[in-house]
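Hello,

Here is the structure I promised to pass on to you. Have a look at it first, and then read on for what turned up in it.

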Amino acid sequence: MSAASVISRRAVLAGSGALILSFSSAGRLLAQNDAPSQAAPPPAASPPLPGSLKKTPYLDSWIRIDADGAITVFTGKAELGQGIKTALMQIAAEQLDVAFDRIKLITADTALTPNEGYTAGSHSMQDSGTAIMNAAAQVRQLLVAEAAMRAGMPPAQMKTQDAAVIAPDDRRFGYGELVSAQLLHVTAGVISPLKDPGRFKVMNRRIPRVDIPAKLTGNAAFVQDLRPDGMVHARVVRPPSYGAQLVGVDDGAVRKMPGVLQVVRDGSFLAVIAQREFEAIEAMRALAAAARWNETAKLPNSASLGAFLTSLPAQDIAVLDRQQAVAHGTKALSASYSRPYLAHGSIGPSCAVAQFENGTLTIWTHTQGVYPDRAAIAEMMGMPSDKVRCIHREGAGCYGHNGADDAAADAALLARAMPGRPVRVQWTREQEHAWEPYGPAMLIKLNAALDDGGRIADWDNEIWSNTHSTRPGPAGSLLAARYLDKPFQEPPPKPIPMPEGGGDRNSIPIYTIPSAKVVYHFLPTMPVRVSALRALGGFMNVFAIESFMDELAAAAGADPVEFRLKHLDDARAREVITTAAERFGWANKPRAAPGSGRGFGFARYKNLAAYCAVACEIEVDRDSGRARMRRAVAAVDSGQVVNSDGIANQIEGAILQSLSWTLYESVTFNERRITSVDWSSYPILRFSAVPDEMEIHVIDRPGMPFLGSGEAGQGPAAAAVANAVANATGHRFRDLPISAASIKAAIGV
Amino acid sequence: MKLSINGSQHGVDVDPRTPLLYVLRGELKLNAAKFGCGLGQCGACTVLIDGEPVFSCVTPVALLAGKQITTLEGLGTPERPAPIQRAFIEAQAAQCGYCIPGIMMRAHALLEKNPHASAADIRAFLEPHLCRCGTHMRILRAIHRAQAEMMSANAGGSG
Amino acid sequence: MLALAAGVFTIVAWRPAMAPIAAPAANSFDPASIKRGAELAAIGNCAVCHTAPGGREFAGGRAVPTPFGKIYSTNITPDPKSGIGQWSQAAFQRAMRFGVRRDGAYLYPAFPYDHFTLVSDDDDNALYAFLMTRTPVSAPPLADRLPFPLNIRLLMFGWNLLFLHPGPYRADTAHDAAWNRGVYLVDGLGHCGACHTPRNALGAERADLKFSGGEVGGWTAYALNESSPAPVPWNAAALEHYLRDGYDDSHGVARGPMAEVVGDLHAAPTQDMHMIATYVAEEMNHAAPERDAVVQGVERQRERGQTGAAAADSQGNALRAVDTKNDEGAVIYAGACAGCHEGPRALPYGGIDLMLTSAISGPSADNLVNIVLYGLPAAEAARASIMPGFAGAMSDAQIGALARYLRVRFSDKGRWTDIAKSVHDARSRARVAAASHPVVVEPPSAATAKQAHNEAQH
């Protein structure tokens with residue numbers, strides 16, 4: 001291309017022909033993900049670029065168009081089963097104005113994609129979706145400008161169709177023939193010519209998920225399905241308790257077992273590699289029996305976790321402090337809520353495949369964060385980061401920081417022990433249950449005062465919790481790294497700052513309250529391994545706040561839904577509440593039948609992301625204490641809808657997962673060891689407890705920013721359940737799980 | 001030894017104690033049956049033996065001479081999915097999708113044996129299966145959908 | 001003549017109806033009495049028989065298997081029409097003491113009134129208070145399926161003459177109060193003999209063979225006397241732990257109908273459980289040194305890491321040689337069973353070391369076959385042992401091979417001769433009846449303790 005004919009891309013992106021708006025340039029910055037990113041910050045631009053363009057501003061980091069017209073979109077986010085691949089492809093297709101099936105999407109790969117930190121915190125749509133949407137729109141704008149220049153026509157008279165730009169005289173320029181090496185290598189502009197939502201053809205459509213057919217027909221879809229040539233199988237022998245040291249292992253017999261290639265020992269890290277998977281399993285069992293450990297762990301008393309938490313040294317964080325003197329004539333209420341440690345309990349135990357060849361380490365992993373995991377593994381291995389590549393491949397649902405990052409680290413160590421051969425590490429069920437970092441136990445104390453008008457006049461909230469993130473991080477975040485002969489130290493935990501928050505996520509009530517104070521007692525001492533579990537503090541804080549709102553409503557003699565509306569000004573919050581209540585029939589019947597109750601819960605995740613309200617009906621059998629959800633109705637506002645079926649799927653899942661957490665689950669342990677090591681000792685919801693009916697109403701907000709929805713339902717559902725049980729039994733249950741045993745103890749005889 | 005899988009004979013040279021799951025995934029490179037627990041607690045490994053759902057993670061291949069093994073791959077393909085697969089795809093009955101193949105095998109076995117299974121029968125029959133993502137509502141909807149399709153196919157005389 | 005005899009019989013046997021009463025209000029009962037009644041109902045396992053699978057508690061409708069036909073349990077909720085809502089306290093006691101219904105008809109001893117007759121007046125009243133304060137459920141009784149002439153209830157008068165020794169329990173002054181309490185509970189509400197004592201042709205327990213073992217619904221109820229087949233003999237502590245928590249480290253988990261029993265016993269008072277265990281252990285009557293020798297043998301093997309090794313003498317030396325490699329049963333065991341049964345997960349969740357289980361040393365293969373075929377299902381919302389069933393994976397011949405191998409390897413008893421019959425019978429029984437009830441081993445939860453604490457505060 002001659003210099004004269006090269007369009008001024010900067011000029012194009014600066015706004016000639018720009019229309020509509022880029023919504024994310026609205027002032028407030030969404031706080032970054034849980035841990036510092038590894039990418040170098042780009043040159044400062046003000047106002048900030050939308051979504052992840054802030055950190056990865058070049059358009060061709062996101063979108064590549066080949067000479068043959070093939071379109072590849074890159075995202076730093078990963079498909080976790082939440083449907084993000086499909087949603088991002090819809091966004092790209094819409095803004096590029098091409099058919100959906102023209103888009104190929106590449107996800108989280110340290111060699112290929114932007115660094116978007118973790119796929120966590122419900123940020124994928126807000127960060128990656130926003131970036132891709134704007135990038136795609138700007139790419140189309142550049143393509144149109146290039147075609148216009150060639151056609152000698154004003155850009156405003158060109159239109160796009162079927163991956164081509166069409167001139168008024170019907171001359172057609174395919175996208176592929178328009179791109180040159182540098183056309184898209186330009187930093188994004190602040191404003192994007194986004195499509196009018198009224199004209200969407202691909203966004204806001206219930207496009208079937210692209211990843212589902214393979215998963216339902218046995219095509220390779222998961223990291224567990226990888227079988228590179230020459231692959232061997234490994235199993236790690238983990239200690240019987242935290243911090244145990246391997247005193248000795250008599251592995252002579254194991255080395256001679258059929259198929260065994262190597263026994264690997266580095267300090268207290270012990271593993272075996274074999275030709276076939278069952279050979280590795282049998283060798284693991286024998287190796288475990290031959291190992292002798294010195295155990296030193298001291299775990300708290302699981303029957304009195306609340307007292308334990310309040311006894312720990314705390315760093316007090318003032319989350320909110322606008323407390324004022326409260327008028328006389330107020331009614332005071334206080335309550336204390338708690339939850340035990342909760343497990344992710346991924347159905348597929350963690351797995352990774354790694355290959356160490358010619359000084360380069362490649363790891364296929366289902367980690368939520370390929371860049372952070374790479375950095376930690378590189379440090380552990382003493383290798384430069386650019387010699388380590390982490391490629392995301394799907395695993396089973398992880399619901400946060402489970403064993404995936406650690407399995408990747410295990411695989412890295414074992415790949416180095418067998419250079420050239422791909423090594424597959426599969427965690428056992430017992431290992432996943434015992435070694436994954438749990439959602440931390442939490443205690444919440446709430447005090448409030450009602451004025452004589454039945455409004456909340458004062459609000460005082462204290463939260464006790466460990467950190468909600470020990471994600472990599474430095475090498476010491478990785479399990480294996482802490483057990484090596486030269487171990488890495490576990491880094492001191494740090495609280496996640498608000499507005500995202502960790503234990504204090506969602507602790508600021510969204511309700512209009514004139515005087516309020518929230519203190520987060522951050523507890524660095526972690527005898528039990530903890531990290532991010534879906535919704536982080538947002539599950540427990542919403543459970544507590546929304547249970548307490550019901551208790552306040554009862555003290556004020558008010559209907560729970562009316563009471564919430566009385567304290568809410570946010571129109572979108574009001575609408576999800578009234579939608580859920582109406583569709584549930586909240587106003588119609590106060591109580592369905594004896595032993596049956598109804599409950600309501602609402603929250604805006606992080607007070608920043610999606611709004612969700614849940615109403616449910618629960619039946620309680622007095623004699624057995626069994627509580628069963630019969631029906632649930634939810635309403636959710638996720639901003640601009642990309643795929644309403646995807647959102648509904650997530651909220652349905654959230655309600656059932658939350659039902660299981662709320663009624664059934666608690667990690668068990670004795671003074672030394674975790675004892676809930678499988679599904680018999682850590683039961684979760686089964687089909688017998690599934691409700692009869694569930695409806696999800698997705699409210700569409702055309703043109704509004706995307707609001708993350710993957711974690712929006714858990715907190716409101718938990719509160720709705722607890723409120724329904726209280727309504728059914730006349731007893732308020734504040735300590736999770738609300739088990740049949742505890743219900744029976746309270747009301748049975 | 002010889003195993004009959006999805007209608008074909010396969011010769012495999014493995015220790016007869018090896019659970020079928022590892023032979024399916026390792027020697028035969030079939031993906032649908034999954035490792036979820038290896039303990040018979042979650043159902044992710046479910047396949048059919050002579051039409052009966054079993055946990056392949058605790059079924060040594062020594063038991064399987066002369067028996068018909070059916071995996072999800074044997075029911076249909078992406079190009080020609082079986083009714084149960086079509087129903088699940090249309091209902092978008094999956095989140096992470098890891099547990100779904102095992103559930104589909106069990107549901108398929110039930111509907112083959114008892115085409116008129118009631119909603120309560122279906123739920124009770126699925127009790128051995130876990131789904132951590134909470135896709136249960138869609139799973140049940142998909143099975144009803146498959147049931148309707150299978151019944152109308154039979155009524156049309158092509159069953 | 002026959003007519004005259006029939007007439008006399010009818011006149012003598014006939015019992016009057018007791019007048020129906022208005023269902024008493026729940027708050028007319030003393031809470032302490034209701035609580036006591038709940039504990040007694042736990043010991044008597046009322047809920048187990050009087051609740052249909054998946055049905056409402058105490059609403060009846062469960063088929064109680066008998067050699068004579070199917071008898072369905074009745075609705076004992078205080079529903080006025082279909083339950084006992086119109087029963088006076090006296091009517092209730094008459095049923096417990098004499099096996100006669102409010103309307104005067106005889107009850108079948110599938111309802112073990114031959115045991116409940118021992119229950120004292122006070123305890124009957126407490127049970128009455130408990131049952132009359134349950135949730136009323138409208139559930140009409142299911143028709144029993146008994147052939148003629150067994151469907152003539154009046155004939156039970158004759159049965160009672162022969163086999164019912166009306167109570168209440170009278171203390172044996174030769175023993176102390178604790179022993180008497182144990183007997184009162186075991187022979188009375190506990191009705192252990194109803195399963196664990198063999199019966200004669202008329203379906204009555206054989207007093208001369210008390211606790212020599214019985215059979216219920218295709219499950220062996222092991223002997224509770226010196227004929228107990230348990231490889232490690234029971235003692236009072238082990239029994240108490242087993243009855244309270246549903247398992248014992250040296251014996252395994254309760255399964256089959258016993259799982260339902262221990263599920264209820266969880267709610268029984270500790271003192272009562274202690275006395276039940278003490279009395280039954282005494283019946284098992286093993287000399288302490290003999291027990292120690294067997295236990296030592298087991299311990300030696302475990303020290304050597306020989307989990308699942310062959311039955312051994314007190315030195316831990318195997319009693320007989322076993323082919324653990326080529327035997328078809330050995331291969332099946334290694335591939336299907338050893339992963340859990342020689343694994344590191346502790347009881348009650350992990351598979352028991354098979355050298356400890358009565359299922360393999362017991363008189364017949366019935367229990368083993370039931371477990372192998374149908375496993376232990378997951379319990380809803382509660383921690384429970386889970387074992388997969390192998391009915392679909394194993395043929396009858398394969399189960400037979402496995403059973404034979406397990407018998408040789410893990411017991412010192414002679415061969416079973418009836419394995420094929422056990423398998424055939426188990427397969428042909430309705431799956432629901434044969435399948436084990438979930439073995440719930442939920443320890444007293446922190447939440448329960450905390451809730452009780454919280455309730456006390458508010």
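Let me start with the domains of chain A: the assignment gives domain 1 (3–210), domain 2 (227–296 + 344–435) and domain 3 (442–468 + 503–747). Such bounds come from an automatic or database domain assignment. Before going further, please note that this is a predicted model, in which local features need pLDDT of at least 70, side-chain atom pairs count only at pLDDT 80 or more, and totals for chains, interfaces and linings use all residues. Residues are numbered from 1 along each chain as its sequence is written, while chains are lettered from A and ligands numbered from 1 in the order in which they are written.

The centres of domain 1 and domain 3 of chain A, taken over C-alpha atoms, are 37 Å apart. Between these two domains of chain A, 24 residues of domain 1 are in contact with 24 residues of domain 3 (contact means C-beta atoms, placed from the backbone, within 7 Å). On the domain 1 side, α2 (84–96) and α3 (124–151) of chain A are the elements that give two or more residues; α3(A) has the largest share, five residues. Helices here are DSSP runs of H or I with at least four residues, and strands are runs of E with at least two, numbered from the N terminus.

One helix in chain A is worth a look too. The 20 residues of α15 (residues 644–663) of chain A should span 28 Å at 1.5 Å a residue, and the end C-alpha atoms are 29 Å apart, which agrees (the expected span is 1.5 Å times one less than the number of residues). Of the 20 residues of α15(A), 19 are buried, that is, 20 or more other C-beta atoms lie within 10 Å of their own, with exposed meaning 12 or fewer, partly exposed anything in between, and C-beta atoms placed from the backbone.

Chain C is also divided, into domain 1 (11–163), domain 2 (177–284) and domain 3 (315–440). In chain C, 23 Å separate the centres of domain 1 and domain 2, over C-alpha atoms, and the contact takes 22 residues from each of these domains.

Finally, chain B has six helices and five strands, running β-β-α-β-β-β-α-α-α-α-α from the N terminus. Its C-alpha trace spans about 45 × 35 × 30 Å along the principal axes, and 62% of the 159 residues in chain B are buried.
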